[in-house]
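Biologist: Before we turn to particular features, could you show me how you read a model of this kind, going from the whole chain to its details?

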Amino acid sequence: MNWMAKTRPNSSLPTRTPSKPGPTAASSAPASANARVSNGLKEFLWLITDSGQGKILDLGAVFQSTVMFFIEKGFRLSTEDLLRSWKEFLVTEEENLRNATVGDEGGRVSQGMLAGKFLDTALQYPEDNFHGVLAWDLFDYLDAELLPRVMERIFTLMRPGGAVLASFHSRAPERFHRYKIIDSQNIELVPAPTLAVHARVFQNREILDIFGKFRSSKTFVGRDQVREALFLK
């Protein structure tokens, strides 16, 4: 993937080569056995530092350390655990179908219809609202019908020049994790009850296709075979 220098009116930033992960300083050492150095997070923060009172959307689980991290840096953080909301929505819809009177062609609803109905209430923010979006490994778990619709919505919610940080597993993970920010270049993978089964492993071309509307991209591959991907609108 080619990374294009981020540009703004009357100014420009040169392409920046991120530092390689490693214990080069005491401050860069992960804080726990479940922590990992995140070059993607470091680059994400660099891309949004000039946004002042910028707005960030975290699509994962809420952790106090993550909230405080962005507050202390002057950002306004919105959180929406999208995968949990989607799974809870499906449970409710299944319950409604069981309770419905049989006769409407079996009461079956297509995945496309469910995805559309879900987004009638999910991700309800103004257009061009966020400078950055943290998607974590969300896209590895979303249903095929929902994923492109979520991407379309995220694109409309982001300001021009905004950045998305996402992770993609090169193989199915052994267990389900949520993601917590420790500091500017370290995140902790927090073991959690399984919300969803890992849906698929994306190839590089498929990832580029998912983010086809974005103008620039860059990836980082960790020793744990997790690909971090950054995309600029």
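Modeller: This is a predicted model, and I would begin with its contacts: of those in the chain with a separation of 6 or more, 74% are between residues 24 or more positions apart. The chain has 6 helices and 11 strands, and buried residues make up 48% of its 233 residues.

Biologist: Which residues of helix 5 are buried, and why do they line one face of the helix?

Modeller: In helix 5, which covers residues 147–157, the buried residues are L147, V150, M151, I154, F155 and L157. Seen down the helix axis, these buried residues fall within an arc of 160 degrees, so they line one face of helix 5.

Biologist: What do the buried residues of helix 5 pack against?

Modeller: Their partners are strand 4 (55–58), helix 3 (82–99), strand 6 (130–136), strand 7 (158–169) and helix 6 (204–210).

Biologist: Which residues line the largest cavity?

Modeller: Among them are L59, L83, W136, D137, F176 and R178. Strand 6 and strand 8 (177–183) are the elements that give two or more residues to this lining, with the largest share, 3 residues, coming from strand 8. By class, the lining has 8 nonpolar, 2 polar and 2 charged residues.

Key:
Residues numbered from 1 in each chain as written. Predicted model: local features only at pLDDT ≥ 70, side-chain atom pairs only at ≥ 80, totals over all residues. Heavy atoms only, no water. Buried < 20%, exposed > 50% of the residue type's maximum accessible area, 1.4 Å probe, protein only. Helix = DSSP H or I, 4+ residues; strand = E, 2+ residues; numbered from the N terminus. Arc of directions from axis to C-beta. Contact = heavy atoms within 4.5 Å. 1 Å grid on protein atoms, 1.4 Å probe; cavity = no way out; pocket = protein on both sides within 12 Å on 5 of 7 lines; lining within 4 Å. Nonpolar A, V, L, I, M, F, W, Y, C, P; charged D, E, K, R; others polar.
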